[in-house]
Amino acid sequence: MSDPMNVLAPEHRRLRIGDAWRDAAGGATFAVEDPATGTTIAEVADAGVVDGLAALDAASKAMAEWAATPPRKRSELLTATYRALTERSEEVARLITLEMGKPLAEARGEVAYGAEFFRWFAEEAVRVEGRYNTAPAGGYRILTVPKPVGPCVFVTPWNFPLAMGARKIAPALAAGCTTITKPAAQTPLTMLLLARIMEEVGVPPGVVNVVTTKRAGEVVSALLADRRTRKLSFTGSTEVGRVLLRQAADNVLRTSMELGGNAALIVCADADLDVALDGAMVAKMRNIGESCIAANRIYVEEPVLEEFTTRFAKRMGALSVGHGLDDGVDVGALIDEASVTKIDELVTDAVDRGARVLVGGERPDGPGHFYPPTVLVDVPEDAPILEEEIFGPVAPIISFTSDDEVMAKANDTEHGLVGYVFTRDLQRALRFTEGLETGMVGINRGLISDPSAPFGGVKQSGIGKEGSHEGILEYLDVTYAAIDLP
């Protein structure tokens, strides 16, 4: 097995600020571990407030020149990043697996997905338009001019260490904004490698800054309190999102929030069960279930409950668990011990309340943070596992008898990110699309993420959209000029 760490030299495991790779002030570092073994794979710089503000200095100084850079030039640099990621896909994927735990095949998929954001927004960069028109009452003209919002602070999660950063950095750069990214402490290496790649393709100093830290609260708070910061984009839990929104309010920052989910996956009796099973496996097990859009609750209509459950449990039980870099592994390690403990407690609680385990349900002995694919049935409605975001390979299955019943249950949550519906009835599908209180709906499909589609939730699952044309609008302000012209 080749060493994935070879793609990131020690000098690039430091902070990327302006035109330099530098140690944290005071020289502090923290360890990054392989979640499959629990062993340390690298030490990276542990930034403090002074380092975060240095990154904001760099982003602020670079802002005017980057905003004035011709859109075509910005587009070409994004395209070059896309090509570099594509060409180096295997290197990047192996690093993702090493620090995050997902199987290598899934890591390769993440690289392709993340790279596509750079290609998509390279195309959007040259299509930012204002308008000029006669005022309805006549006598003057209306001119609108889109402008970059300014330096942006990004706080990204560990579950997609490349793609979640790419989904923010690409539209920001396309719009003419400079950036400071604070990646998750569990998975900082992939973002540092992305910064190195963008440096190599010619992105100017100060445009992409990366600050790694175990002191996220104090560093991010300092950045949000500084008037030079004009935009915050966060992907993570609803709980942390609420805290950041309160802090962002003091300076009335533009915000994009992609927060927690509690997705319901609904299998109707008229569904094509082969399609539904394939979709459920993807919606539940993509990224080991460590995804905000993972199916958290699977509702199956009574007439097909037994067949669907039997077949689904068989497929879940056939998945192999192991180190993500090993051949043939379907399910890698979870990110840390806290995640395994939480999942184990949710399953134990559900069983204590009367749920039955069809597959899995017991954490294995040995090193690493593993939990087996698990299927639960007869889950009582008051079980916390139906309320909390599982973020792991556990699937509770619940029966339903009518569309009104399952719609009410699906919507009975503070979250509203995504829902999935499997049915061959077009009208039924449209009723669910309109009735589900979610920002996204998958119809006969378990994979909905696409850089060309607007990703985002409602209720307490977030604010704003990422991807698609809507994604670049999050990084643009509009100036209106009234021009006297009788």
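The buried residues of helix α8 are covered by elements that include α7 (216-225), β10 (231-235) and β11 (254-258); buried means under 20% relative accessible area with a 1.4 Å probe, protein chains only. The model is predicted, so local features need pLDDT of at least 70 and side-chain atom pairs pLDDT 80 or more, while totals for chains, interfaces and linings use all residues. Residues are numbered from 1 along each chain, and side-chain values use heavy atoms, without hydrogens and water.

**Helix α8**
- Helix α8 spans residues 238-249, and its 12 residues reach 16 Å from first to last C-alpha, close to the 16 Å expected at 1.5 Å a residue, taken as 1.5 Å times one less than the number of residues.
- Thr238, Gly241, Leu244 and Ala248 are buried in α8.
- Seen down the axis of α8, these buried residues fall within an arc of 115°, so they line one face of the helix.

**Glu258**
- Glu258 lies in strand β11, and an unreviewed UniProt entry annotates this residue as "active site"; such annotations may be inferred rather than shown by experiment.
- Glu258 counts as buried because its relative accessibility is 4%.
- Leaving aside residues up to four places away in sequence, the contacts of Glu258 include Arg167, Cys292 and Glu466, where contact means heavy atoms within 4.5 Å.

**An open sheet**
- Three strands form an open antiparallel sheet in the order β5-β6-β20; two strands pair if DSSP finds at least two bridges between them.
- β5 (131-134) and β20 (476-484) stand at the edges, each with a single partner strand, so one side of each has no neighbour in the sheet.
- Arg131 stands opposite Thr144 in β6.

Key. Helix = DSSP H or I, 4+ residues; strand = E, 2+ residues; numbered from the N terminus. Buried < 20%, exposed > 50% of the residue type's maximum accessible area, 1.4 Å probe, protein only. Arc of directions from axis to C-beta.
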